[in-house]
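Open the model in your viewer and show it as a cartoon. The stops below say what to select next and what is there.

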Amino acid sequence: MTSSTNRLELLLERRDDALARGDLRRALELDDDLEDLGMHGDDRATCHGCQVWGDHAHELLTGRRITLAEYEQQRRARTARRR
Ligand SMILES: [Zn+2]
């Protein structure tokens, strides 16, 4: 295992801790660090744009705040159109 993988796992653990404690400020910091290390944005527990918990998504083109269910619906629609 590379040292950057170790670091990523350590930060992930701390992020999940912050999440469990409800420490939004700390979770945001750790999510930012994790993304810098290469974590996919979908794996964030917080929303960088809104500086709140990641209990929502943003529309791809407009950036409008939408529910996770709406996001999933739009993603499926895009996939279906490509077939
Ligand atoms: Zn947001």
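Helices (H or I, at least four residues) and strands (E, at least two) are DSSP runs, numbered from the N terminus. By that rule the protein chain has three helices and four strands. Follow the cartoon from the N terminus, and the elements come in the order α-α-β-β-β-β-α.

This is a predicted model, in which local features need pLDDT of at least 70 and side-chain atom pairs count only at pLDDT 80 or more, while totals for chains, interfaces and linings use all residues. Residues are numbered from 1 along each chain as its sequence is written, and side-chain values use heavy atoms, with hydrogens and water left out.

**Whole chain.** Zoom out. The C-alpha atoms fill a box of roughly 40 × 30 × 20 Å along the principal axes. The radius of gyration, taken over C-alpha atoms, is 15 Å, whereas a compact globule of 83 residues would have one near 12 Å (the globule rule is 2.2 Å times the number of residues to the power 0.38). Buried residues make up 20% of the 83 residues; buried means under 20% relative accessible area, exposed over 50%, and partly exposed in between (1.4 Å probe, protein chains only).

**The core.** Select L11, A18, A27, L30, L34 and M39, the six residues of the largest nonpolar core. Such a core is a set of buried Ala, Val, Leu, Ile, Met, Phe, Trp, Tyr and Cys residues joined through side-chain atoms within 4.5 Å. Both α1 (3-21) and α2 (24-36) supply at least two residues of this core, and the largest share, three residues, comes from α2.

**A18.** Which residues is A18 in contact with, leaving aside its neighbours within four places in sequence? They are D23, R26, A27, L30 and W53, where contact means heavy atoms within 4.5 Å.

**Q51.** Move to the loop between β1 (46-47) and β2 (52-53), where Q51 lies. Q51 is not a glycine, yet it has a positive phi of about 60°. Most residues other than glycine have a negative phi. With a relative accessible area of 40%, Q51 is partly exposed.

**E59.** Go on to the loop between β3 (57-58) and β4 (65-66), where E59 is found. Is E59 buried or exposed? E59 has a relative accessible area of 16%, so it is buried. Apart from neighbours within four places in sequence, E59 is in contact with R64, I66 and Q74.
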